[in-house]
Amino acid sequence: MIRLNKDLIASAFLIIFSAVMYAASNSIKKLTVSKIGADFAPKLVAIGIFILSIFYLINAVKQLKGSSDIKDMEMETEEKKDPEGKKKVSPLSVIATIGLLVLYISLLPIIGFLITTVVYLFAQMYLLADKKERKIPLFLVTSVVTSVFVYFVFKSVFFLMLPAGILG
């Protein structure tokens, strides 16, 4: 199967997935009297996926119409590939990422959102960065700023509480 057909199938799947996700989020019960409830974030994500999937579909259709001969296009894409330019993904980093996610989810209610998220983001950035490009101060500042920003957005804008953990 050529790449364009995969793009068309993937975009159609994502459009259907986003519609189902939006419809399913309507069944989430509102536990607050505020205008923004627990269904807000899933609906927002579903709308985002839908919009991006439409762009993905349009791009795939344009590429399909633009190519006169599919075999010529396949040969062009093979020529454009740079085997040295691609970074090889290590199976160890994938396993470590899954382990970090499991650890993050299990420690979140105990330690709390802020501390757990700062540690998780720092560890994930450190793990995924090349050894030559590991900038610990930058990773630390990014982790702290991102975690505090997300915490205050959820607390002040969405009026949702995140696990406080040991910070009580």
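Is Q124 buried or exposed? In this predicted model, Q124 is buried, because its relative accessible area is 9% and the cut-off for buried is under 20%. Q124 sits in helix α5. Setting aside the neighbours within four places in sequence, Q124 touches T97 and L100.

Helix α4 (residues 91-111) packs with helix α5 (residues 113-128) at an angle of about 170 degrees, and their axes are 9 Å apart. That angle makes α4 roughly antiparallel to α5, since anything over 145 degrees counts that way. On the α4 side, the contact is made by S93, A96, T97, L100, L101, Y104, L107, L108 and I111. On the α5 side, the list runs F113, I115, T116, T117, Y120, A123, Q124, L127 and L128. Sorted by type, the residues of this contact come out as 13 nonpolar, 5 polar and no charged.

Next comes helix α2, which covers residues 40-66. The buried residues of α2 are K43, A46, S53 and A60.

Finally, the unreviewed UniProt entry has an annotation, "transmembrane region", that covers residues 7-24, 44-61, 111-129 and 136-154. Over residues 7-24, the model is 100% helix and 0% strand, with the end C-alpha atoms 25 Å apart. Residues 136-154 are likewise 100% helix and 0% strand, and there the end C-alpha atoms lie 27 Å apart.

Technical notes:
Residues numbered from 1 in each chain as written. Predicted model: local features only at pLDDT ≥ 70, side-chain atom pairs only at ≥ 80, totals over all residues. Heavy atoms only, no water. Helix = DSSP H or I, 4+ residues; strand = E, 2+ residues; numbered from the N terminus. Expected span 1.5 Å × (residues − 1). Buried < 20%, exposed > 50% of the residue type's maximum accessible area, 1.4 Å probe, protein only. UniProt positions renumbered as here; feature names shortened; annotations may be inferred. Axes fitted to C-alpha atoms, helices over the stretch in contact; angles between N-to-C directions. Parallel < 35°, antiparallel > 145°, perpendicular 65-115°, else oblique. Contact = heavy atoms within 4.5 Å. Nonpolar A, V, L, I, M, F, W, Y, C, P; charged D, E, K, R; others polar.
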